[in-house]
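Dear colleague,

I am passing on the structure below, together with some notes on what was found in it. Please keep it open beside this message as you read.

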Amino acid sequence: MKMITRRGLFLLILIVGFLGGLGFMSYSLVTEGSSWAMQPYNGSIYRNGELIAEGEISDVNGEVLAQTVDGERVYNENDDVRKATLHAVGDTMGFISTGVQNVYESRLVGYNPLNGIYSITRNGSGNDMSLTIDAHVCEVAYDALSDYKAGCVGVVNYKTGDIVCMVSTPAYDPVNKPGDIDTNDYYEGVYINRLLTGMYTPGSTFKLVTAICAIENIPDINTRTFTCEGEYDAGGTPIECNGYHGEITFEEALAKSCNSAFAQIAIELGPDKIMETAKSLGMTEEVLVSGDIRSATGKMFLESGDANDYVGWTGIGQGDTLLPPVAMLRLSAAIANNGNAVSFNLVDTFANKAGKALDMSISTRETQLLSTQTAEQMKSMMRYAVENQYGDYNYEGLSLCAKSGTAQIDGDTDHNTAWFTGFMNDSNNPYAFVVVVEYGGSGSQTAGPIANRVLQALVNGE
């Protein structure tokens with residue numbers, strides 16, 4: 001009888017162990033199965049280290065950007081389109097970490113815990129994805145950037161959050177990848193999507209943040225005047241201005257991008273208030289695109305007790321602040337959208353080979369970055385800047401509200417980063433934009449024309 005009891009207990013232990021192992025294996029299959037299936041040694045998915053089994057990727061108009069044909073990954077027939085959409089589509093080896101071919105590789109392949117990769121063997125490739133980008137507009141942006149060492153262009157519908165243009169340079173042709181890509185200085189940082197993960201000194205575009213902080217914290221800011229004598233001495237290193245503006249108003253100071261006035265404003269606000277505003281505007285947090293594509297996180301180093309000259313430099317966008325361009329794009333979009341920032345999205349539709357829509361489970365949200373009243377004033381001030389400083393005639397028919405920036409890197413006048421960000425104040429064309437050009441000189445003279453060219457192509461098909 002004791003022997004039977006021991007055998008029964010041993011059998012019970014074996015059953016419990018078996019069920020526990022089965023449960024653990026099932027759990028691991030659900031949570032880790034996709035990563036197991038997506039290993040480079042899986043010959044059904046990879047060939048020579050390159051992913052070949054993903055479904056079709058197209059732009060918002062149905063233009064095919066990438067597809068699998070007879071076990072080979074094939075791209076758009078236009079080489080400029082291939083280069084222009086490289087960082088949105090991504091490569092097949094995972095070097096461009098923010099591309100959809102990398103971020104959504106298991107979903108594009110068609111893996112699921114029940115069928116594994118059965119759909120690949122049946123269909124020859126996985127699920128299909130349509131992006132929100134317009135390949136023609138991206139091609140125009142790529143061409144506009146081609147005269148410069150590096151840069152990026154981003155355009156988003158500020159009502160829906162759909163990204164219609166995402167271009168980063170330098171780029172390369174995924175069909176004819178250069179043999180010297182890892183040694184040629186021309187391709188430095190080629191795998192970086194500069195819109196999302198490039199980190200730049202924001203220059204005078206940061207005056208948008210300082211202006212918002214002033215509106216919310218200095219009650220009489222709109223009736224103040226400031227004196228500019230070509231520089232402002234706050235102790236330490238004098239803060240040089242781009243001109244001798246004399247007595248100017250707050251609105252004029254933003255339009256003329258007066259460093260003297262904004263240094264005074266920043267010092268009066270103090271480091272704590274500027275940091276608080278910057279954080280509330282999302283400058284120091286990542287931007288999510290389609291819920292899974294992550295930007296770099298902005299860096300600011302203001303602290304209580306910092307010297308006045310450092311606070312002043314930071315307030316005009318020249319301190320140690322580093323931002324990804326997409327953070328400034330989100331701020332411009334929020335100003336345009338009455339203070340509300342909608343989630344950015346790159347994925348339009350997702351379906352299997354039979355055309356059945358598949359759930360991407362993309363979370364969307366709307367965040368109030370600034371009050372409606374502050375947004376309205378910022379719209380007015382940015383519109384004033386275009387009309388009275390940049391010239392409305394340079395942006396014909398666009399009803400543009402904008403702010404330029406020229407960030408000097410390490411005091412080197414030959415290494416300026418040109419910025420231009422803003423939006424169209426047009427309910428029929430609700431687009432916000434950012435343009436960044438490395439070694440670009442003046443923001444309004446270099447990045448501004450690029451923005452105009454891209455927006456004209458988007459709105460007028462030019």
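Not counting residues up to four places away in sequence, which residues does Asn-337 touch? Before the answer, a word on the basis: this is a predicted model, in which local features need pLDDT of at least 70 and side-chain atom pairs count only at pLDDT 80 or more, while totals for chains, interfaces and linings use all residues. Residues are numbered from 1 along each chain as its sequence is written, and side-chain values use heavy atoms, with hydrogens and water left out.

Asn-337 touches Tyr-158, Lys-159 and Val-342, where contact means heavy atoms within 4.5 Å. Asn-337 sits in the loop between helix H14 (325–336) and strand E15 (340–342); helices (H or I, at least four residues) and strands (E, at least two) are DSSP runs, numbered from the N terminus. With a relative accessible area of 7%, Asn-337 is buried, a term that means under 20% relative accessible area, as against exposed at over 50% and partly exposed in between (1.4 Å probe, protein chains only).

Leu-458, which belongs to helix H16 (residues 443–460), likewise counts as buried, at 18% relative accessibility. Once its neighbours within four places in sequence are left aside, Leu-458 is in contact with Val-137, Val-155, Val-164 and Tyr-431. Of these, Tyr-431 is 27 residues from Leu-458 in sequence and 9.4 Å from it in space, C-alpha to C-alpha.

Helix H9 (residues 207–217) packs against helix H12 (residues 271–280) at an angle of about 110 degrees, with the axes 9 Å apart; axes are lines fitted to C-alpha atoms, for helices over the stretch in contact, and angles run from 0 to 180 degrees between N-to-C directions. H9 and H12 are therefore roughly perpendicular to each other, since angles of 65 to 115 degrees count as such, those under 35 as roughly parallel, those over 145 as roughly antiparallel and the rest as oblique. On the H9 side the contact is made by Val-209, Ile-212, Cys-213, Glu-216 and Asn-217, and on the H12 side by Lys-273, Ile-274, Thr-277 and Ala-278. These residues divide into five nonpolar, two polar and two charged (Ala, Val, Leu, Ile, Met, Phe, Trp, Tyr, Cys and Pro count as nonpolar, Asp, Glu, Lys and Arg as charged, and the others, Gly among them, as polar).

H9 also meets helix H15 (residues 372–390), their axes coming within 10 Å and crossing at roughly 130 degrees, which makes H9 oblique to H15. Here H9 contributes Leu-208, Ala-211, Ile-212, Ile-215 and Glu-216, and H15 contributes Thr-374, Gln-377, Met-378, Met-381 and Met-382; the contact comprises seven nonpolar, two polar and one charged residue.

Finally, the sheet: five strands form an open sheet in the order E5-E4-E3-E6-E16, with mixed pairing, where two strands pair if DSSP finds at least two bridges between them. Strand E5 (72–75) and strand E16 (347–351) are the edge strands, each pairing on one side only. Strand E3 (residues 57–58) runs antiparallel to strand E4 (residues 64–69), joined by two bridges, and Ser-58 stands opposite Val-64 in E4. E3 pairs with strand E6 (residues 128–131) in the parallel sense over two bridges, Ile-57 having Met-129 as its bridge partner in E6. E6 and E16 pair in the antiparallel sense over four bridges, and the bridge partner of Ser-130 in E16 is Thr-349.
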